[in-house]
Amino acid sequence: MKKRRVILVTDGDEFACQAIERVAADLGGRCISCSQGNPTKLSGEQLVELILKTPHDPVFVMFDDCGAIGEGAGEEALRYVATHEQIEVLGELAVASNTHRREWTKVHVSIDRDGLITEYGVDKEGIRDLDVGRINGDTVYCLDQLNIPLVVGIGDIGKMGYRDNAKNGAPITRKAVELILERSGGYAGKREEGKSADRGETR
């Protein structure tokens, strides 16, 4: 069976959901809107079932641990989805948070609040950090253990001082997603005229 191409997002609040829905709609992908939750409410098995039902990809899925230390519900679901035999992970948006270095992950690159690619990590506001190739985050505990081809560090999706607001097209998130698609050789599926992201179908 053909694998479904998926982009993982380590954030699940309302602002992140609005931003991901907007980017998915603009690029022709699909957002599993009911994966929104702080913390994640759906299991990995439930999320895979929804992913496999989507008409085309890439499929965006959100995960959130709501600040839990170690591998919480969001990361358990993320690990299940990322390692499922019918899922091809194109990349990960690793979202920075104020965890005070309790949890961190390596990133290949980051996108700062100005939309610039940097080798440094970024903080919650999307400002470049001091560390090269790592960010502090919430739902990032298990990322280094997974074989994800491109992990992009990013500030708080949908926020960053209104610079990533969904009403403005979530430009910082879009830049990060476009980077993942470019590096993976993948392109967003063709969107039917008048269609948007999968909102009602996947709730």
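Trainee: What is the handedness of the crossing of helix 1 and helix 4?

Mentor: Bear in mind that this is a predicted model. Helix 1 covers residues 14–27 and helix 4 covers residues 171–184, and the two pack with their axes 10 Å apart. Their crossing is right-handed.

Trainee: Are helix 1 and helix 4 parallel, perpendicular or oblique to each other?

Mentor: Two packed helices are described by the angle between their axes and the distance between the axes. For helix 1 and helix 4 the angle is about 50°, whereas roughly parallel needs an angle under 35 degrees and roughly perpendicular one of 65 to 115. The two helices are therefore oblique.

Trainee: Which residues make the contact of helix 1 and helix 4, and how many of them are charged?

Mentor: From helix 1 the contact takes A19, I20, V23, D26 and L27, and from helix 4 it takes T173, R174, V177, E178 and L181. Sorted by class, six of these residues are nonpolar and one is polar, and the number of charged residues is three.

Trainee: How far apart are the closest N and O atoms of E178 and R174?

Mentor: E178 and R174 both lie in helix 4, four residues apart, which is about one turn of the helix. E178 has 32% relative accessibility and so counts as partly exposed. The two residues form a salt bridge, and their closest N and O atoms are apart by 2.9 Å.

Trainee: K159 and D156 also meet in a salt bridge; which of the two counts as buried?

Mentor: Their side chains meet at 3.4 Å, N to O. K159 has 28% relative accessibility and therefore counts as partly exposed. Buried means under 20% relative accessible area, and at 5% the buried residue is D156.

Trainee: How many salt bridges does the count come to?

Mentor: Some salt bridges share partners, and in this way D13, K124, D156 and K159 are joined into one network. Others were discussed above, including the pair of D26 and R174 and the pair of E178 and R174. The count of salt bridges comes to 12.

Methods. Residues are numbered from 1 along each chain as its sequence is written. This is a predicted model: local features need pLDDT of at least 70, side-chain atom pairs count only at pLDDT 80 or more; totals for chains, interfaces and linings use all residues. Side-chain values use heavy atoms; hydrogens and water are left out. Axes are lines fitted to C-alpha atoms, for helices over the stretch in contact, and angles run from 0 to 180 degrees between N-to-C directions. Angles under 35 degrees count as roughly parallel, over 145 as roughly antiparallel, 65 to 115 as roughly perpendicular and the rest as oblique. A crossing is left-handed if the near helix is turned anticlockwise from the far one by less than a right angle, and right-handed if clockwise. Contact means heavy atoms within 4.5 Å. Ala, Val, Leu, Ile, Met, Phe, Trp, Tyr, Cys and Pro count as nonpolar, Asp, Glu, Lys and Arg as charged, and the others, Gly among them, as polar. A salt bridge is a side-chain nitrogen of Lys or Arg within 4 Å of a carboxyl oxygen of Asp or Glu. Buried means under 20% relative accessible area, exposed over 50%, partly exposed in between (1.4 Å probe, protein chains only).
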